[in-house]
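Colleague: I have a model open and want to learn how to read it. Where do we start?

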Amino acid sequence: MATVVLAPTNNGSTMSWSVLVGAASKWEACLTNDGDTSYSGATWVDGTEVLGLFGMDNLPSTVAKVTDVTVTVIVRRNNASLANIRPALKLSGGSVQYSGSNFTSSTSYVTISYSFGSFTIAEVNGMECGAELGTNFWSTFCTQVYATVTYIPVAVYPTDPLVRVSGITRTFRAWDKTYQVVLNLGSNMTNYVSPISGKIQSAIEPAVLPSGPGYTRADYEKWLAGGSALAKRFPQIPYEVWLKVMGQKQAPLFGPGY
Amino acid sequence: MRICHTALIAAQTNGYPVGGYQPAIRCIFTPTGTATAGTATYDYSFNPTVLTNRLIQAEQRESIGDDGGTLIISNYDKSVPDNLTGYYVDLGWGLNTASSVMWDAGTANAVAPRMWVMQQSEISGGAKNSQPQLYKVYELGGVWSAVLNQQPVRIGYAPYYQDETGTLANQTVYTCISLLITALNSQTGMSFTLDALGTQDDGLISTIIPFPIVTAGSFVVNTQYNILTTGTTDYTLIGGVLTTAGAFIVSKRYIILTVGTTDFTLIGATSNNIDVIFYATGVGAGTGTAYEVPFIASGVGAGTGTAMSSLRSLNPQTTGQFQTYAQFVQSLLELTKCVLIARAGLAFKIVYPQSSDAVQETYYSSQASGHPFYENMNRRLNMSPNYVEVFGKEDASISAKWYDTDHFSGTAYVGNFMPVIKSIWEQSFSSTGQCSNRASAEGLQLKQQLLGGRVIIPMDARVELMDRTEMDDSRV
C-alpha cells in the first residue's frame with residue numbers, strides 16, 4: 001500500500017464559505033497548515049451549517065487501485081462554543097457525502113479527518129473535498145483541506161534498470177489472426193506458448209488467397225443438388241455468396257468450373 | 001529503438017480505425033548477389049486492404065547472437081518461383097493506419113534486420129475432395145545465423161589468416177570490431193556498417209587494446225607473441241626460435257632475419273627482404289635465417305624488435321580451426337560490458353546498458369494508458385555463479401576477482417546460497433588490471449542475467465534488441 005496527499009486546486013461546485021484571509025482565493029487559503037496566516041471559513045448564518053468544497057489534484061499515474069480516501073480539515077472556532085464540523089466529499093455527478101458529527105469548541109486549530117472508503121481512480125480524479133462548517137453564532141475558520149488517498153501502486157517491471165530486451169519474436173498468422181510480439185527480457189531466452197494470451201486477434205479477418213483452385217462452379221452445383229438443409233433453405237444463393245459461406249474468401253480466377 | 005511514424009504508433013496502440021489491428025507485413029524477396037542485382041524481386045507482402053494476399057504466416061526471431069524466421073506462402077496457382085534460396089527479405093512489421101498502410105523502411109521505419117532464405121520447402125496436402133493445400137515454406141537466417149556465424153575470419157595470409165600484417169594490432173576493441181566488419185564486407189560483397197559508439201562507451205571498449213604491439217624490453221614473461229619486426233632484438237635469448245635455410249619446416253610461419261644466399265620467394269615469401277613473413281613451402285637452401293613468428297617470452301627482451309600478442313582466436317590451442325566472425329566478436333566483447341546487435345539496413349550497433357538509460361518503450365495492462373501488453377511474466381534466478389576469478393598470462397601467474405555484493409561482504413560469503421565461482425583463464429592478459437576489467441565485465445553480465453521476463457504485446461515495430469522496456473501493470 002502507498003499513500004498520496006491531494007491538495008485543492010480550485011473552488012468546487014459548492015463554495016458557500018464567506019471568509020477569506022491571507023490568500024487570493026479560498027482554495028489557496030486552504031493549501032497549507034499555516035494557522036491564521038491564510039484561511040477561509042464561515043460566519044454564523046441563521047444557525048445553518050455552511051458547505052465548502054474544493055476541486056482536488058488528480059492521482060498520479062502510478063495508482064492501480066484506490067483503497068481509501070480520507071478527507072482532513074484543520075479548523076478552529078473564533079469562540080469557545082461547540083460547533084459541528086464535518087469533512088465532506090462529493091463525487092462527480094454524485095451527492096455530497098459527510099462524516100458523522102464532529103463537535104469542537106477549540107479556538108486553536110484542530111485536525112478532523114474522516115475515511116470515506118474506496119473509490120475508482122476516475123471517481124477520485126473527479127472528486128471534490130471540503131467540509132461543512134457549523135457556526136453556532138460565531139465563526140469557524142479552516143486553514144487546510146487535503147485528501148489522503150491510500151492505494152495499491154502500479155507494478156512496474158522489470159525492477160532492475162539494467163534488464164534489457166534479450167529476445168524478440170514477431171509473429172503473424174493469417175489463419176488464426178495472430179499479430180503479436182513476444183519479448184524476452186534479461187535471462188529469459190526460452191520459446192514460450194502462453195496459456196493466457198498466446199495470440200492476439202486482429203480486428204479484421206485477414207484475407208489470403210486460397211491454396212489450390214478451391215471450390216468450383218461444379219462443386220457449387222453439386223451442393224445445390226445435394227439437398228442439404230442449407231441448400232433447401234437458400235436455393236437461390238449466388239455462387240459468390242456460397243463461396244463465402246464455404247469459407248473461401250475470393251472466387252478462384254481459374255479452374256475447370258469457373 | 002526504431003523511431004516509427006506517428007500514425008503507425010497510433011495504430012499499434014489503438015488499432016485501426018479503433019479497437020483492433022489490421023496487420024500489414026512487407027515481404028519482398030530480393031536476390032542478394034551483386035551479379036543478380038536488378039533482377040526480379042517477388043513481392044508477397046500482406047496488405048490488409050486487398051484480397052490477393054498469399055502470405056499465410058511470418059515469424060522473425062531475434063536474440064543476442066542468433067536470429068532467424070519462417071515464412072509460409074500460398075502457392076495455390078504454382079506461380080511462386082521454384083528457387084528463392086539465397087534471396088533476402090527485409091520484413092516490415094506494419095499496420096494499416098489512418099495515414100494508409102505503414103510497413104516500409106522509410107516513412108514507417110517498420111523494417112526489422114535482414115534475413116536470408118536458407119532453406120525452402122514445398123507442401124502439398126489436403127483431404128480427399130477438399131480444397132488442395134499448396135504452400136511454400138521458407139526458413140530464414142538472420143545476420144548472425146546466416147552471416148556472422150558462418151563466415152570465417154580471414155585477416156592476414158592464407159592458409160592460417162593470423163593477422164600477420166597486424167591489421168588489428170594496437171587497436172581498441174571497438175576499432176577491431178569495425179575493422180572486422182570492413183573485412184567481412186570485403187569477404188562477402190555486402191555493406192554492413194557499425195554505428196558510432198556515441199553514448200554506448202563503457203570506458204573499456206574504447207580503451208582496451210586486445211592485440212597490442214610491444215617493443216622488446218616490455219615483453220611480459222610467459223606471454224605468447226607474434227614477431228612483427230626483428231630490429232636489433234635477439235629473440236633467441238627470450239624464447240624465440242631461429243632457423244637457417246635448409247631446416248625450415250613446411251607450413252610453419254617465419255619472419256626473415258637475414259637474407260644471405262637464400263631465395264625465400266622459392267619457399268613462400270613474397271620477397272627477399274628482412275621482416276617479410278611467410279609460410280614455408282619448402283625447407284629452403286642457402287645461408288638465410290628466419291625466426292619462427294610465434295614465441296613465448298621467457299624474458300622482457302632488449303633492442304628494437306616489436307611483437308604483437310597472438311590473436312586469441314588463433315592461439316596454438318585453436319590452430320587448425322577458423323573462428324567465425326561471431327565467435328571472434330564475442331571474444332572481443334567479453335573484454336567489455338557491451339553487446340553487439342544487428343539493426344535494420346545491415347547496420348550493427350554497440351549497446352552498453354546503463355542504469356541511467358531512459359525507458360524506450362512502455363507497455364500497459366490497460367490499453368487506455370498506451371501500448372498494451374497482454375501478459376507479463378517476471379522471473380528471478382538464484383545468482384550462480386556469484387563471483388568471478390580471472391587468471392592471466394600463460395602460467396596463470398596473475399589474477400583478479402569480482403564479488404557480487406548481494407552474496408559477499410568483501411571476500412566473506414554472506415548470502416542465502418553458497419559461493420559459486422566462475423573461473424576464466426585469459427592467457428593473453430599480461431596485467432592484473434586486464435584481469436580485473438574482465439572480471440568486473442563478466443560479473444556485470446552475470447548480474448544482468450539475474451532477472452528475466454517475458455511480455456506479450458500487440459505488434460510493435462519500434463522495439464529492438466537491448467532496448468530498455470517497462471511494463472506498468474495496474475491489474476489488482
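Modeller: With strand pairing. Two strands pair if DSSP finds at least two bridges between them. This is a predicted model, so keep that in mind throughout.

Colleague: Which residue stands opposite B:Thr193 in β21(B)?

Modeller: B:Ala347. The strand that pairs here is β11 (residues 193-194) of chain B; two bridges join β11 to β21(B), and the two strands run parallel.

Colleague: In which sense do β20(B) and β21(B) pair, parallel or antiparallel?

Modeller: Antiparallel, over five bridges. B:Ala342 stands opposite B:Phe348 in β21(B). The two strands form a hairpin with three residues between them. There, B:Gly345 takes a positive phi near 75°.

Colleague: Is β21(B) mostly covered or mostly open?

Modeller: Mostly covered. The strand spans residues 347-351, and four of its five residues are buried.

Colleague: Now a charged side chain. Why is B:Arg343 classed as buried?

Modeller: Buried means under 20% relative accessible area. B:Arg343 has 18%, so B:Arg343 is buried. The residue lies in strand β20 (residues 339-343) of chain B.

Colleague: Which side chains make polar contacts with the side chain of B:Arg343?

Modeller: Take B:Asp195, at 2.9 Å. Then B:Glu464, at 3.0 Å. Leaving out residues up to four places away in sequence, B:Arg343 also touches B:Met1, B:Pro113 and B:Lys349.

Colleague: Next, a helix. Which residues of α1(B) are buried?

Modeller: The helix covers residues 6-14 of chain B, and its buried residues are B:Ala7, B:Leu8, B:Ala11, B:Gln12 and B:Thr13. Their cover includes β7, β8 (100-102) and β29 of chain B. After the helix comes B:Gly15, with a positive phi near 85°.

Colleague: Let us move to the interface. How do I read its size?

Modeller: The size of an interface is often given as the accessible area lost when the parts come together. Chain B and chain A bury about 6,000 Å² between them, 61% of it on carbon and sulfur atoms. B:Tyr76, B:Gln131 and B:Arg454 supply 11% of the area that chain B buries against chain A, more than any other three residues.

Colleague: How many residues of each chain are in contact?

Modeller: 77 residues of chain B and 59 residues of chain A.

Colleague: And how many salt bridges cross the interface of chain B and chain A?

Modeller: The rule finds two. One joins B:Glu62 to A:Arg170, with the closest N and O atoms 3.4 Å apart.

Colleague: Which strand of chain A pairs with β4(B)?

Modeller: Strand β14 (residues 165-173) of chain A. The pairing is antiparallel, over seven bridges.

Colleague: What does the rest of chain A look like?

Modeller: Its secondary structure comes to five helices and 15 strands. Buried residues make up 49% of the 258 residues in chain A. Among its contacts between residues at least 6 apart in sequence, 69% join residues at least 24 apart.

Key: Residues are numbered from 1 along each chain as its sequence is written. Chains are lettered from A and ligands numbered from 1 in the order in which they are written. This is a predicted model: local features need pLDDT of at least 70, side-chain atom pairs count only at pLDDT 80 or more; totals for chains, interfaces and linings use all residues. Side-chain values use heavy atoms; hydrogens and water are left out. Contact means heavy atoms within 4.5 Å. Buried area is the accessible area (1.4 Å probe) that two parts lose on being put together, summed over both. A salt bridge is a side-chain nitrogen of Lys or Arg within 4 Å of a carboxyl oxygen of Asp or Glu. Buried means under 20% relative accessible area, exposed over 50%, partly exposed in between (1.4 Å probe, protein chains only). A polar contact is a pair of N or O atoms within 3.5 Å; within protein, one must be able to donate a hydrogen and the other to accept it, and residues adjacent in sequence count only if both atoms are side-chain atoms.
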